[in-house]
Each structure stands twice: as C-alpha cells, then as structure tokens.
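Trainee: I am new to this structure. Can you walk me through it, one question at a time?

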Amino acid sequence: MKKPEADLFIPDGMAEAEALARTTHLGIGAHQDDLEFMAAAAILECHRKREWKFGGITVTDGRGSARAGPYQDFDDEEMRRIRRQEQRKAAVVGDYAFMAQLDYASREVKRADREDLVADLEELLRKSRPRVVLTHQPADKHDTHIGVLLGVLAALRRLPAAERPEKLYGCEVWRGLDWLPDEDKTVFPIRGSENLLAALMGVFDSQIAGGKGYDKATAGRKLANATYFASHAVDDAPMLEIALDLTPLMHDPDLSPASFIDGYIDRFRADVADRLQRLGS
Ligand SMILES: [Zn+2]
C-alpha cells in the first residue's frame with residue numbers, strides 16, 4: 001500500500017498472505033462505514049458460512065468527516081483516528097478476513113489521476129483473489145463514491161481475465177436503486193442476524209451520534225426495499241439490499257460507466273412512459 005500510514009488489520013491475527021487469500025467476498029468502499037451500510041448481506045452471509053470470508057477495503061482517511069454532538073470539538077486528526085478505530089471494530093464484529101484502510105484524502109480520490117489508488121487496489125485484489133467484489137454503484141450522488149468505483153474498475157481491468165472475480169456489484173449508499181425495473185435488480189436478502197447487523201452499524205458512533213441517523217436510515221431502506229419489491233420469492237426476508245450487476249463493465253474496457261448506466265436509465269424512462277401510455281394518458 002502506497003500511503004505510509006495505511007492500515008492493514010487482521011482481526012484474528014493470521015499471517016498476511018494467508019489472511020488475504022481466504023477472502024471470498026471483497027467490499028471496497030470510500031468511507032469508514034460504507035461497507036457495513038451497503039454490503040451487510042454479504043458480511044452477514046460470510047459470518048454464517050464457514051467456507052466464505054469477507055474482506056474489507058476503505059479508501060479514504062476520515063479526516064473530512066462531519067462532526068457534531070459529542071464529537072464537535074474534534075479536529076481532523078482526531079476524527080481520522082476515531083474513524084479508523086471504528087472501522088477496525090466493525091471488522092472484529094463481522095469477523096472479516098482483513099480490513100485495509102488506504103488513508104487517501106477525498107480530493108485524491110476525486111481527481112482523474114488516481115494512479116496510486118488503482119495500484120493499491122490492484123495489489124490487494126491480486127493477493128485476495130475474491131469471487132465477488134462489492135463497491136459503489138454508478139448512479140451514486142457522492143463524488144468520492146464515484147471516484148472509488150472508477151478506481152476499482154481500472155484495477156479490475158488490469159487483471160488478467162482469469163484472475164478477475166466472477167461478479168462485480170454496485171451497491172446503494174448515497175442514492176438507492178429502487179428506481180431500477182425489478183428485472184434489472186440483483187437482490188440480497190437479509191434474514192435473521194438483526195443483532196449482528198445492529199452491532200455492525202452501531203460501532204460507527206462518531207457518525208451516528210455525530211448528527212446523522214445512518215443506522216436507522218440504512219435499516220429503513222433495506223426494510224422498504226423488501227416491502228416494495230414485487231417478487232414473492234423473497235417475501236420471507238424482512239430486509240433486502242439492491243445491487244446492480246457491474247460484471248460487464250469489468251470485462252469490457254470499451255464500455256464506459258456512463259453509457260452502461262444510461263442503458264438502465266433508458267429502461268426506467270421507458271417503463272414509466274409505457275405504463276402512463278397504456279393506461280390512457
Ligand atoms: Zn461514503
């Protein structure tokens with residue numbers, strides 16, 4: 001990892017190479033807490049299954065975090081330290097294979113030249129060889145999230161096809177995916193494990209007590225996703241995460257994320273227009 005103070009944490013203390021290589025599902029998020037909010041289903045499923053293991057990468061340093069309430073007097077350096085500790089705690093609760101915090105400033109992620117970040121991601125992907133990668137989705141409205149998605153795509157495209165994961169998914173944080181036609185959604189049900197889910201989200205006290213009810217909002221989105229999803233196949237799951245399958249973007253270097261997501265927006269537009277027309281407007 002390029003940053004001198006990047007943090008590689010292995011909750012159970014296993015040797016690095018072995019710890020990374022056991023990863024089956026790799027989450028890559030911009031900020032501390034993004035993984036737990038957007039990829040909880042994968043984290044909980046990996047916690048349950050002995051043969052699966054979740055690995056986490058958080059790209060930014062936490063310096064610019066919002067702060068209020070008990071944290072309002074903390075400076076950037078204190079927030080960075082607290083957020084790093086919170087992310088480590090989540091890795092313990094979720095029994096992650098490893099947790100890498102790359103320590104980039106947001107502005108470094110948002111600029112078009114993010115070569116160091118891409119190199120870090122490529123290195124961790126080569127060492128962990130996950131089957132599934134989960135990251136931000138291309139219609140997210142947070143610039144840093146989009147910067148991370150573009151970095152992940154660049155790193156995955158550098159890998160030989162045989163070393164790429166089977167699946168790449170884009171997940172919901174700063175914009176849901178409810179607008180996608182149901183047939184375009186990939187859904188990950190969350191059944192049981194309410195205690196673990198609450199613990200995973202609850203460790204991010206500096207953000208939640210610091211003025212944003214992310215835990216309630218995130219649980220509420222997953223509840224609403226389950227209720228308003230049309231298929232009966234997942235009716236027994238009280239919570240659903242919606243993801244967009246980004247695998248074609250990983251394999252086709254000529255396919256831009258903008259034209260990829262445009263196809264889905266076109267289908268959404270056609271779905272709305274067709275229904276109105278059909279019903280006589
Ligand atoms: Zn974020």
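What follows is a short exchange about a predicted model.

Trainee: Which residues of H10 are buried, and on how wide an arc do they sit?

Mentor: Helix H10 covers residues 214-228. Its buried residues are Thr218, Ala219, Lys222, Asn225 and Ala226. They lie on the same side of H10, because the arc they cover around the axis is only 120°.

Trainee: Why can residues spaced along a helix point the same way?

Mentor: Count the residues in a turn. An α-helix has 3.6 residues a turn, so residues that point the same way are three or four places apart.

Trainee: Which exposed residues does the other face of H10 carry?

Mentor: Look at the face turned away from the buried side of H10. Exposed means over 50% relative accessible area. The exposed residues there are Lys216, Ala217, Thr227 and Tyr228.

Trainee: Which elements do the buried residues of H10 pack against?

Mentor: Start with the helices. The buried residues of H10 pack against helix H2 (34-38), helix H3 (40-48) and helix H8 (194-202). Two strands complete the list: E7 (186-190) and E8 (239-245).

Trainee: What span does H10 reach from its first C-alpha to its last?

Mentor: H10 has 15 residues. At 1.5 Å a residue, the expected span is 21 Å. The model comes close to that, with a reach of 21 Å.

Trainee: Which element gives the most to the lining of the largest pocket?

Mentor: The largest pocket has a volume of about 570 Å³. Its lining has 35 residues, and Asp33, Asp34, Val173, Trp174 and Tyr214 lie nearest the centre. H2, H10 and E8 each supply at least two lining residues. The element that gives the most, with 6 residues, is H10.

Trainee: How do the lining residues of the largest pocket divide?

Mentor: Sort them into nonpolar, polar and charged. The nonpolar group has 10 residues. The others are 13 polar and 12 charged.

Trainee: Which element gives the most to the lining of the second largest pocket?

Mentor: This pocket holds about 230 Å³ of space. Ala41, Ala42, Glu45, Trp52 and Phe188 lie nearest its centre, among 13 lining residues. Two or more lining residues come from each of H3, strand E5 (132-136) and E7. The most, 4 residues, come from H3.

Trainee: What is the volume of the largest cavity?

Mentor: The count of cavities of 30 Å³ or more comes to 1. Its lining is Ala41, Leu44, Glu45, Arg48, Pro189, Ile190 and Arg191. H3 gives the most to that lining, with 4 residues. The volume is about 30 Å³.

Trainee: Is Gln87 buried or exposed?

Mentor: Gln87 sits in helix H4. Buried means under 20% relative accessible area. At 0%, Gln87 is therefore buried.

Trainee: What is the phi of Asp95?

Mentor: Most residues other than glycine have a negative phi. Asp95 lies in the loop between helix H4 (76-93) and strand E4 (98-104). Asp95 is partly exposed, at 34% relative accessible area. Although not a glycine, Asp95 has a positive phi of about 55°.

Trainee: What is the phi of Arg175?

Mentor: Arg175 is in the loop between strand E6 (167-171) and E7. With a relative accessible area of 40%, Arg175 is partly exposed. Arg175 is not a glycine, yet its phi is positive, at about 140°.

Conventions
Residues are numbered from 1 along each chain as its sequence is written. This is a predicted model: local features need pLDDT of at least 70, side-chain atom pairs count only at pLDDT 80 or more; totals for chains, interfaces and linings use all residues. Side-chain values use heavy atoms; hydrogens and water are left out. The expected span of a helix is 1.5 Å times one less than its number of residues. Buried means under 20% relative accessible area, exposed over 50%, partly exposed in between (1.4 Å probe, protein chains only). The arc is that of the directions from the helix axis to the C-beta atoms. Contact means heavy atoms within 4.5 Å. On a 1 Å grid over the protein atoms alone, a cavity is a set of points where a 1.4 Å probe fits but cannot get out, and a pocket is an open set with protein on both sides within 12 Å along at least five of seven lines; lining residues have an atom within 4 Å of a point. Grid points are joined across faces, edges and corners, and a volume is the space filled by probe spheres set on the points. Ala, Val, Leu, Ile, Met, Phe, Trp, Tyr, Cys and Pro count as nonpolar, Asp, Glu, Lys and Arg as charged, and the others, Gly among them, as polar.
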